[in-house]
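Happy to walk through this one with you.

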Protein chains: 2
Amino acid sequence: MSSSTDSKINILKRPTSFAWIEQAIANLDTILLDHSHCERKAAGVAINLMFRYPSYSKLIRQLTAIAKEELEHFEQVNQWLEKRGIALAPLNSPPYGAKLKAQIRHQEPDRLLDSLLISALIEARSHERLGLLGEYCPEPELAKFYRSLMASEARHYGIYWVLANNYCAHREVVDRRLEELAVIESDILSTLHPEPRIHS
Amino acid sequence: MSSSTDSKINILKRPTSFAWIEQAIANLDTILLDHSHCERKAAGVAINLMFRYPSYSKLIRQLTAIAKEELEHFEQVNQWLEKRGIALAPLNSPPYGAKLKAQIRHQEPDRLLDSLLISALIEARSHERLGLLGEYCPEPELAKFYRSLMASEARHYGIYWVLANNYCAHREVVDRRLEELAVIESDILSTLHPEPRIHS
């Protein structure tokens, strides 16, 4: 068993199907373009949270670091796109992000708790899927690039989880909500989205 | 004449009044807190433009770099706040940003042109005002910090202006619109906003 599967984050309720891996490997260019959008969106989500909670100094400090790192990954993915002659272009999002966002409750502090835990889950799933790309991608250099990003995704998962515990509720409340959302997250991915995406 | 006033950006129609300098110097803590918000907002504006024009590779590349740099400045300003024991907190915005934003026309390519030129003008004004703080701030270390940020603001001004010329229109159209917006920008600042802000 490779290091990428050893280091998986246990919160994910169901592992990614092999159907996703086959779809991704058969559409590496589209996956790379979608990955670019994912990194930009991840930076955007972190900055939006910073706008929403301007007094939360620990959140601000940690999310500033995450946003910077996502922008660096965005640059790196875009360099891969350029190297492969793939033009930047819009791409329909799979339902994943919107369906997760729909789970966010409207009242505080639930809103912050759900926002942080959903970001944590997305980072956990990204960690798993970049790991799978790092393992199965037939192009060694690209595979290596995917593996190089995995550690950050795992770290970001941890930061979002720690922030949830810091700001939101008793540990048991956080754990229970994370369990609920993790079930929903795996359910969303149980049907493979027909268009190849990082979160199809 | 100091280097900060020598290097001023000529597009600004009227220089900042001495009344603003007095207001700022008398309220350094509030100015620092507002500056933190300004840096975060500047990163947000760059990222929003990246979301709106996902295929514009030159814009994406340049604004990613700007967003990263604004986040670094945001971190640096927040370190200054921490050092002075000033808690992060929301702060009412002065009318400056909203009044400039109201000038953005809704049809493309005018919308992009106006967005870029308004960002250029805000960077130009920030360059001027950070320069004034660098010159008049009575605390040498803080004054030095303000001077250290000036070069970036001037560079960002240049990037926004180059992008406007790259994507939007003939040089004369860009110049004419920049002139119009620069007049409006100086008009907005002609009455000192009663609350001390970077753009009061």
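Predicted model: local features only at pLDDT ≥ 70, side-chain atom pairs only at ≥ 80, totals over all residues.

Residues are numbered from 1 along each chain as its sequence is written, chains are lettered from A in the order in which they are written, and side-chain values use heavy atoms, with hydrogens and water left out.

Q: Which pattern does chain A follow along the sequence?
A: Helices (H or I, at least four residues) and strands (E, at least two) are DSSP runs, numbered from the N terminus. Chain A has eight helices and zero strands. Read in order, the pattern is α-α-α-α-α-α-α-α.

Q: What radius of gyration does chain A have?
A: The radius is taken over C-alpha atoms, and the globule rule is 2.2 Å times the number of residues to the power 0.38. For 200 residues, a compact globule would come out near 16 Å, and chain A agrees with that at 16 Å.

Q: Which residues touch the most other members of the largest nonpolar core?
A: Such a core is a set of buried Ala, Val, Leu, Ile, Met, Phe, Trp, Tyr and Cys residues joined through side-chain atoms within 4.5 Å. Buried means under 20% relative accessible area, exposed over 50%, and partly exposed in between (1.4 Å probe, protein chains only). Of the 126 residues in this core, the ones asked for are A:Leu63, A:Leu116, B:Leu63 and B:Leu116.

Q: Which residues does A:Leu63 touch, not counting residues up to four places away in sequence?
A: Contact means heavy atoms within 4.5 Å. With those sequence neighbours set aside, the partners of A:Leu63 are A:Ala46, A:Leu49, A:Met50, A:Tyr160 and A:Leu163.

Q: Is B:Ala124 buried or exposed?
A: B:Ala124 sits in helix 6 (residues 110–136) of chain B. Leaving aside neighbours within four places in sequence, B:Ala124 is in contact with B:Ile9, B:Ile11, B:Leu12 and B:Tyr157. Because its relative accessibility is 0%, B:Ala124 counts as buried.

Q: How does A:Arg61 count at 48% relative accessibility?
A: A:Arg61 belongs to helix 4 (residues 57–83) of chain A. From A:Arg61 to A:Ala89 is 28 residues in sequence and 32 Å in space, C-alpha to C-alpha. Since its relative accessibility is 48%, A:Arg61 counts as partly exposed.
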